[in-house]
Amino acid sequence: MKEFAYYTGCTTPVRLPGYEAAVKVVLEKFGIILNPMKDVNCCGAQYVESVSHVAFMAMSGRILAIAEQMGMDVLAICGACSGSLKMVKHELDRDSELRDEVNAILEEEGLKYTGKSKVKHLLQVFREDIGYNAVEAAIIRPYNGIRLAAHYGCHVTRPPEIVQVDDPENPTIIDRLIEIAGGTAVDYTGKTRCCGGPMLAMDEEVANKIGIDKINNIRAENVEGIVTACVFCDIQLTQIQFGGDAGEAEKIPVITLPQLLGPALGIDFDTLGISLTKISPQKILEAHQ
Amino acid sequence: MDETNEQVQLKHTPSSTFAKEIEQEPGGEGIMKCIQCGMCTASCMVARMTERYRPRKLIQKILLGKREEVLNSELPWLCMTCRLCEERCQEDVDLAEIFHAVREVAAREGYIPSVFQNTIDKVLEDGWLLKDSYTDFEEDDRDDLGLETDLGWNNEFTKKLKKRYFAGGDAK
């Protein structure tokens, strides 16, 4: 039995609690126990990261040090969090001066970063800890071939030499899991392009254009749903479909990977928080064989 | 002259004092590797959607030493850090990292977009991003899902960082 320290980040607990719950219940199905992390802080992604390298190292470094204290690897379910924790681990493991500086601050509360705890994104847990065969064996209500498009998230898969999740130009983990669950994984133009989410702060109009471009590319393939593995991507790809640029076309449901897998594994909708999904995915999730 | 050796030694020019300054910052190390081929701009979704931003040109401005123009502009802050360009760069230039280095220098000198400054202030004060958005509604949703409603964020640490690394909210 494998255990992880479960770092849910700032956004998921508030904006997408169904994702948080679904990850927990789906992984439990495969014997993986997630332990909540208490007394943690934001990883520092994008904002602190942009203005103070060392403060960013300290913020993510503290999360890693708490995981070490728990004696566990970290599971992150957001691209920004998993990306930050991995980038910081990469640097702290190679730069002893930086590590000493961070540890001098952590020491004041009895914490220490040594690099013992690894960081995994959810997609890695499916591939490395559970494995495709085990997922396949656990599917009891397969979908009936519904067409689904995977969106991986930039910070989930890049930079590949550091995050080590999937092929950055041709990622396959979500696609394989869609197929295993009985869906049809559909390719589309610009699959590895950004959702536009990180641009919202600086220029909402540009962010929306990038998001809508992605939605249009997906729509061109007659897809019935979009499957995500990052809270920011999920929210961005959902909310742009409610904006003025979206036009009159029918909205495409956006759903997180564990919320797609859950019903096929026999988990009920309420436990997975399906009713909280902004564009109802009912049609997809009821399309069983 | 040994031609092979010369090729190995080759540094792409021009390399301004500003470029050398960025090269010394964490993340900025790779800037001199840029050969200005433009693959980054060709891959960039921001560049596709607005004429204001061209990553190749931004790197070029740094290489040419347009220090004030770069630091005092929104350009370094328009990169989404999606790293699609890095995936395609044949010279392994880490543009997202370079622009982070430029942002850090800009922030130190007081050039920081207000949206970044406000969010940084919030995060350092609260310990996390969404304190103000976490209302009874979200708490009820969590309760229904059997999730912990007390999120238990720590802000003592971020306040400590603010004191140590940020003077009056500005990056030191």
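Which residues does B:Arg88 touch, not counting residues up to four places away in sequence? I began with this side chain's surroundings, keeping in mind that the model is predicted.

**Entry 1: B:Arg88**

I found B:Arg88 in helix α7 of chain B, and, leaving aside residues up to four places away in sequence, I noted B:Met39 and B:Ser43 as the residues that it touches. For B:Met39 I also looked up the separation from B:Arg88: the two are 49 residues apart along the chain, while their C-alpha atoms are separated by 6.9 Å.

**Entry 2: chain B as a whole**

I listed eleven helices and two strands for chain B, and, reading from the N terminus on, I recorded the order of its elements as α-α-α-α-α-α-α-α-α-α-α-β-β. Of the 172 residues in this chain, 41% are buried. Among contacts in chain B between residues at least 6 apart in sequence, I noted that 66% join residues at least 24 apart.

**Entry 3: helix α2 of chain B**

I asked which residues of helix α2 (residues 17–24) of chain B are buried, and the list came to B:Phe18, B:Ala19 and B:Ile22. Viewed down the axis of α2(B), these buried residues fall within an arc of 100 degrees, so they line one face of the helix. On the other side of α2(B) I found B:Thr17 and B:Gln24, both exposed. As for what the buried residues of α2(B) pack against, I noted α5 (55–64), α6 (67–71) and α8 of chain B.

**Entry 4: where the two chains meet**

I looked next at the contact between the chains, in which 51 residues of chain B meet 44 residues of chain A. On the side of chain B that touches chain A, the elements giving two or more residues are α4 (45–49), α7 (84–88), α8 (95–108), α9 (114–126), α10 (136–144) and α11 (156–165) of chain B. By residue class, I recorded 29 nonpolar, eleven polar and eleven charged residues on that side of chain B.

**Entry 5: a helix pair in chain A**

How do the axes of helix α2 (residues 17–29) and helix α14 (residues 257–264) of chain A cross? I found that they come within 8 Å and cross at roughly 50 degrees, which makes α2(A) oblique to α14(A). I recorded the crossing of α2(A) past α14(A) as left-handed. The contact is made by A:Gly18, A:Tyr19, A:Ala22, A:Val23, A:Val25 and A:Val26 of α2(A), together with A:Pro258, A:Gln259, A:Leu261 and A:Gly262 of α14(A). I noted that these residues divide into seven nonpolar, three polar and no charged.

**Entry 6: helix α11 of chain A**

I found helix α11 (residues 173–180) of chain A to be mostly covered, with six of its eight residues buried; these are A:Ile173, A:Ile174, A:Asp175, A:Leu177, A:Ile178 and A:Ile180. What covers them includes α7 (122–130), α8 (132–138), β5 (147–150), β6 (184–185), β7 (225–228) and α14 of chain A. Just after this helix, I noted that A:Gly182 takes a positive phi of about 100 degrees.

**Entry 7: backbone checks**

Most residues other than glycine have a negative phi, and most peptide bonds are trans. Against that background I recorded a cis peptide bond between A:Arg158 and A:Pro159, with omega about -5 degrees, and placed A:Pro159 in the loop between α9 (154–157) and α10 (160–163) of chain A. A:Asp39, which is not a glycine, has a positive phi of about 65 degrees, and I found it in the loop between β2 (32–36) and α3 (47–51) of chain A. In chain B, phi of B:Asp92 is near 55 degrees, and this residue is in the loop between α7 and α8. With 9 C-beta neighbours inside 10 Å, B:Asp92 counts as exposed, whereas A:Asp39, with 13, counts as partly exposed.

Conventions. Residues are numbered from 1 along each chain as its sequence is written. Chains are lettered from A and ligands numbered from 1 in the order in which they are written. This is a predicted model: local features need pLDDT of at least 70, side-chain atom pairs count only at pLDDT 80 or more; totals for chains, interfaces and linings use all residues. Two residues are in contact if their C-beta atoms, placed from the backbone, lie within 7 Å. Helices (H or I, at least four residues) and strands (E, at least two) are DSSP runs, numbered from the N terminus. Ala, Val, Leu, Ile, Met, Phe, Trp, Tyr, Cys and Pro count as nonpolar, Asp, Glu, Lys and Arg as charged, and the others, Gly among them, as polar. A residue is buried if 20 or more other C-beta atoms lie within 10 Å of its own, exposed if 12 or fewer, and partly exposed in between; C-beta atoms are placed from the backbone. The arc is that of the directions from the helix axis to the C-beta atoms. Axes are lines fitted to C-alpha atoms, for helices over the stretch in contact, and angles run from 0 to 180 degrees between N-to-C directions. Angles under 35 degrees count as roughly parallel, over 145 as roughly antiparallel, 65 to 115 as roughly perpendicular and the rest as oblique. A crossing is left-handed if the near helix is turned anticlockwise from the far one by less than a right angle, and right-handed if clockwise.
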